[in-house]
Amino acid sequence: MNTVLKIFLTMSCSGGLLILALLLGNRFLKDKLSRQWQYYIWLAAVLRLLLPFGLEVNLMGKAYQAVDQAISQAVPLPLQQQSPRNAPGSPTPAAEAEQHNETQNHPADDAAVVRPFQDIGMLLINNIWLVWLVAALALLIRKITIYQGFVRYIKAGLNPVSDIGQLDALSIAAQHSAIKKPIELCVNPLVSSPLLIGFFHPCIVLPSADIPEKDFQYIVLHELTHYKRGDLFYKWLVQVTACLHWFHPLVHLMSREITRACEFSCDEAVLAKMGSGSAQDYGKTLLNAMAAVGKYKEDLGAVTLSENKQLLKERINAIMNFQKKSAPIRFLTGVLTLCVIFGAAFVGVYPAAAAVGGTTDNPQVTVDNTPTQENTGAGSKDYEVQAKRYYEAGSLPLFVITFPRLDKAAQKKWLEKIYADSNAAFFSAAIRGLDTNAALFTDFAEKVYAIGDKAFFSILAGCMDEAELQLWMDRAFKDGNGAFQTILFDKLNRDDDSEDQTDVEIIPVDFKKVAAGKTMFLGEYTLSNGDEILYDISVKKGNRIKVFFAKDERGDVSYWSVNNLRQPGEALECIADFTVGSWAARPGTYKLYLQAPDGALRKVRGSVLIVSSYQ
């Protein structure tokens, strides 16, 4: 599913929770709080529905992790991932089965049969956002078309007011309201009540020009208040929100509540200017406006003086009970505002890392040539602790993964310790993590040559290229060192197909950033029966990481796949080991990928180890 749509759906869920909270709060505090506050506080819900903001730890993120964790636990891990070969104390990967059977290796014949259905399913899932977007655009276009038609009908019957007294009264009222833009005043006998239309060329439309002076004053002040507050823009912002969240019934309920609150808050603003002593006369103006009902009902894009009898009754009651709020109530209003804003941020959205640069979940195969960086500081100390634990536990694979991450001083210390312990297996594995041109490698070669240690020199010679071997051969020949000449001669003429040979290939992983939905290509490898694959990758920031082998770039059928979700309070890691041919997986040539399926990953470090045994 498209990452943007995932974020949008969580925005819809979190917005729905905020709408419910506001509806409940308004029900109990409706008569205690300012009507204007009750109107504008809905902006928090509107922004929650439109903007992907939230705290780093939020309710939607926790809910998402809980659901994914439940799914992961519901699907059993492959038997090999639960193998006892995992080092003592190392965490078991929270792998899960996905729609492309990520935790299983399918035979090629089965994959050929299943793939068309997988392609159709993935096509529907990856393009479901189109259904949402098309519906949203269709609804928005429909609303705009209805509004344009309404305005055309209204303007077709408009007659400008020529009464100088009314025009002067309008000008004075606009001046008192600090409105500098000219406001037109027209009459259309077909409208149901006085209303304001026009975003950039505002016009007050009256059902009749024959309106008492006092009523005219209230009507004009009411409509000018709508214009000054930008209620037309607010109303259309809500309409756009309702179109985007067309599937959410609470959003449509919010839209109706905002329309009601708009008139209540405008009444309150008018009375605040005129004084509570004008409440009775203002109420009579509303009743008179309701009596002159025309053929055209007010439209969703206009703001009116009077809407329907039920709402009018509530407004009259609110007008008669109007009084300025006390200081404690204003303080309570401020506290509630902060609570609503914090609540909007706390409910949050789909994990914040998914809002950054997310595009689609379709793999984008790229090659990252970022060189592996040496570990220094606190990180290197941690790796030293791990190396000690793996060495003491006799876990050769995990020690091989950890050794290249140590700094040069720590590597030298460990090589000296391993050599002192005469541990040829660990020495062989560790020395393969060094560059043959590195000073440390050369130093140990010189050391064991000087001592005459044929066994350990043979291990070092096994990592040398032909040019390096030839240099050592010339030196051994010059020194008359027959034993070492024999070792070097064998290495120079070794048969690549010789039996009982073990090869360890370390594939370093070091990315500063992996963008959301991106798949990083780590190389192509030929795997045989008995080969051991070990994943040891950690992520500093990010929500989910997937590492897998696949037959092709699309990755429709993946092998030895681990898809790990960050658990609350835990690091995001991918640590697992597999043996080729031990369960359904066939030997062959595969491409290795690392993917960020849900949001961007940052500081991805580690390696993939392939231990090949030729027997």
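Of the 615 residues of the chain, 47% count as buried, where buried denotes a relative accessible area under 20%, exposed one over 50%, and partly exposed the range in between (1.4 Å probe, protein chains only). The chain exposes about 29900 Å², of which carbon and sulfur atoms supply 58%; accessible areas come from the Shrake-Rupley method with a 1.4 Å probe, and for residues only the protein chains shown count as cover. The model is predicted, with local features requiring pLDDT of at least 70 and side-chain atom pairs counted only at pLDDT 80 or more, whereas totals for chains, interfaces and linings use all residues. Residues are numbered from 1 along each chain as its sequence is written, and side-chain values use heavy atoms, with hydrogens and water left out.

The chain contains 21 helices and 14 strands, assigned as DSSP runs numbered from the N terminus (helices: H or I, at least four residues; strands: E, at least two). Among contacts between residues at least 6 apart in sequence, 77% join residues at least 24 apart, a contact being defined by heavy atoms within 4.5 Å.

Two packed helices are described by the angle between their axes and the distance between the axes. For helix α18 (residues 439–451) and helix α19 (residues 454–461), the axes come within 9 Å and cross at roughly 150°. Axes are lines fitted to C-alpha atoms, for helices over the stretch in contact, with angles running from 0 to 180 degrees between N-to-C directions. The helices α18 and α19 are therefore roughly antiparallel to each other, a class that comprises angles over 145 degrees. The crossing of α18 past α19 is left-handed, that is, the near helix is turned anticlockwise from the far one by less than a right angle. In this contact, Phe 441, Phe 444, Ala 445, Val 448 and Tyr 449 of α18 meet Phe 456, Phe 457 and Leu 460 of α19. By class, the contact has 8 nonpolar, no polar and no charged residues, with Ala, Val, Leu, Ile, Met, Phe, Trp, Tyr, Cys and Pro counted as nonpolar.

The loop between α7 (164–176) and β2 (184–187) holds Ala 178, and Ser 177 is also placed in the loop between α7 and β2. Ser 177 is buried, with a relative accessible area of 2%, and touches Leu 221, Lys 228 and Lys 273, residues up to four places away in sequence not being counted. Ala 178, by contrast, is exposed at 57% relative accessible area; its phi is near 60°, a positive value in a residue other than glycine. Lys 603, located in strand β14 (residues 601–614), likewise is not a glycine and has a positive phi of about 55°. Lys 603 is partly exposed, with a relative accessible area of 48%.

Conventions. Parallel < 35°, antiparallel > 145°, perpendicular 65-115°, else oblique.
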